[in-house]
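These are my notebook entries on a structure that I looked up piece by piece. The sequence and the coordinates come before the entries.

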Amino acid sequence: MTDTAGQPVANFETLFHQAPCGYLITDDAGHIAAVNDTFVRWTGYSRAKLFGTKLQSLMPVGDQILYATHCIPQLGITGSVSEIAVDIIGSDGVRRPALLSASRFAATGQEPDSVRVIIFSAHERRLYEKELVSALRAAEESDTRRALAEQELQRLALHDALTGLPNRAGLKARFGAVPAVGAATDSMGEGNPLAALFIDLDHFKAVNDSLGHGAGDNLLVSVAGRLAAAVQAPGAVGRLSGDEFVVLDAVAGTEEAAALAARLLDVLAAPIHLEGIEIVTSASIGIAVARGGDNTVEDLIRRADIAMYRAKERGRNRWELHRPAPSDPAVDRLRALGELRRGIGEGALRVHYQPRIDLRTGRASGVEALVRWQHPTRGLLPPAEFIAMAEESGLVRPLGAWVLDETLKLAESLRRDDHHGAGLEFAVNLSARQLNDPGLVDMVESALERRNMDPALLLLEITETALMSDPGAAVESLTALKDLGVGLAVDDFGTGYSSLTYLKKFPINELKIDRSFIMGLGLDTGDAAIVGSCIDLAHAVGIRAVAEGVETSGQAQTLQDMGCDLAQGYLFARPLPEPRLREWLASHT
């Protein structure tokens, strides 16, 4: 890469910074490690500001979800993403339309895994298109040259450069609208409905990683040849991107489509020799047969794609049929995410508070904040209806920050206006994703300062499962939170798989026994033994024991006899909105 004078390295550095497009290097999670001058000038950010920042954080929320749910998984599977339309928000807050392409490079020597990202601004793309137009006009000087140029452009636009198969645009151009069931079409020449088979090679990344991208390309070319030979006209095989192929063909029904999928799996199973190594390929295939709601080839391919992911989940090297349903789960999820995003922004969330009782005195020692969503059509929804979705999409970060601030705002108000709230602890739940958020500690610290809250009166609850998913990282995060002076609790204890060694290492203040064991008190000796053991364990490591889901006076008395410190449940109070909580505190002091 360099000679004795080092000149080629200098030239490479100049090309990197003066490239006509934005060029960035990130890690797998999107943290920016290097960025060229073009991107710095285009966005207006300083290089120091960009270093360490997640690339997707420069995008609107919708594009952040696209990058997290499509681009990052695609990079992990195929190693590349090609021309994804996104907006980049500059330092002035203005959105800049752009096209994003990325390639993932595996670690070599001392260099770690990296993702290299190219971003073309819409303006630069228009200039590029103008250059193409100029080239076409130059070709018009000769009828022969013009005809050849048009033919080549048409071929490039409609075909995959590596395999020569039709690409997505080529398939759409050939088949147009999807034939309805029983309708004859000129393109297919039959009265049978159209079927799409979405084919994704299993473990293709392993070939790229072990033998290199050249071998991976050879494998794709070989697979393309086998598929094309196995599908007879007027059916067609296309390559979408990476290791994704699509077969479009007329079929008599789902049984014929399934038979075609099984035959393609057999065709792909024959060994392929690459660089002296015998490779046995397999694939996951999703099948969709045209129905009344499919108006385009894109609709049909989308349903086949959904079925393909189901085949992946169920063990790979198999096919799955996308069966018509009143609603599409993928579409429903996107719709629900949009509703939740709007709900967070438009104030549709509510916080209810459940009192926590000191079993020795019978007085309220604090409250637990529990978020609800006032859905426009489904009414007041509990956390189980939307928290998992919020975690998967990343919306749990703004949602969690809002719940914490709302809770501390109530604490501030009670401390100032109502002597009944003096000294109460306020418990707020943290999700697994929040626990792994590098900005969590700063967010908690800022919220405490903003509300002038004594950190000792804030208790953060983390589920046992979230802690044990990565105990080492959990200890680090909890220690940083503990240094702020806040209390920490292990929620739903007994439902996961905590190691006693790690439990001793976690800097926690209390252990919350899951309600499933409390319900068995007085009915199941096994549950009583588990609850007693949990209480003894908590006291052995010097922390409080808290019982959740207490519903009867008998349960409360048993817990008191066992030495349990705190309890909460319907016996004392349901989760209450703020006005009713104030009334409850006033009447139960």
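A search of the whole structure gave me 0 disulfides, a disulfide being a pair of cysteine sulfur atoms within 2.5 Å. C564 is in no disulfide, and the nearest cysteine sulfur, that of C534, lies 9.9 Å away. I also note C564 as buried, because its relative accessibility is 2%.

**Basis of the entries.** The model is predicted: local features need pLDDT of at least 70, side-chain atom pairs count only at pLDDT 80 or more, and totals for chains, interfaces and linings use all residues. Residues are numbered from 1 along each chain as its sequence is written, and side-chain values use heavy atoms, with hydrogens and water left out.

**Whole chain.** I recorded 23 helices and 21 strands in the protein chain; helices (H or I, at least four residues) and strands (E, at least two) are DSSP runs, numbered from the N terminus. Of its 589 residues, 44% count as buried. Among contacts (heavy atoms within 4.5 Å) between residues at least 6 apart in sequence, 59% join residues at least 24 apart.

**Helix α21.** I checked the span of α21 (residues 525-540): its 16 residues at 1.5 Å a residue should span 22 Å, and the end C-alpha atoms are 22 Å apart, which agrees. The expected span is 1.5 Å times one less than the number of residues. Which residues of α21 are buried? They are D527, V531, G532, C534, I535 and A538. These cover an arc of only 155° around the axis, which puts them on the same side of α21; the arc is that of the directions from the helix axis to the C-beta atoms. An α-helix has 3.6 residues a turn, so residues three or four places apart point the same way. On the other side of α21 I found T525, D536 and A540 exposed. The buried residues of α21 pack against β18 (487-493), β19 (510-513), α20 (515-518), β20 (544-547) and α22 (553-562). Just after α21, G542 takes a positive phi of about 80°.

**Helix α23.** In α23 (residues 578-587) the buried residues are L581, W584 and L585. They cover an arc of only 100° around the axis, which puts them on the same side of α23. P579, E583 and S587 are exposed on the other side of α23. I listed the cover of the buried residues, which includes β13 (349-358), β14 (364-375) and α14 (396-417).

**Open sheet.** I traced an open sheet of 5 strands in the order β2-β1-β5-β4-β3, with antiparallel pairing; two strands pair if DSSP finds at least two bridges between them. β2 (32-35) and β3 (80-89) stand at the edges with a single partner strand each, so one side of each is left without a neighbour in the sheet. Strands β1 (residues 22-26) and β5 (residues 114-121) run antiparallel and are joined by 5 bridges. T26 stands opposite V115 in β5.

**Strand β17.** I found β17 (residues 458-463) mostly covered, with 5 of its 6 residues buried. β16 (residues 425-430) pairs with β17 in the parallel sense over 5 bridges, and F426 stands opposite L458 in β17. β17 and β18 run parallel and are joined by 5 bridges; here T463 stands opposite D491 in β18.

Methods:
Buried < 20%, exposed > 50% of the residue type's maximum accessible area, 1.4 Å probe, protein only.
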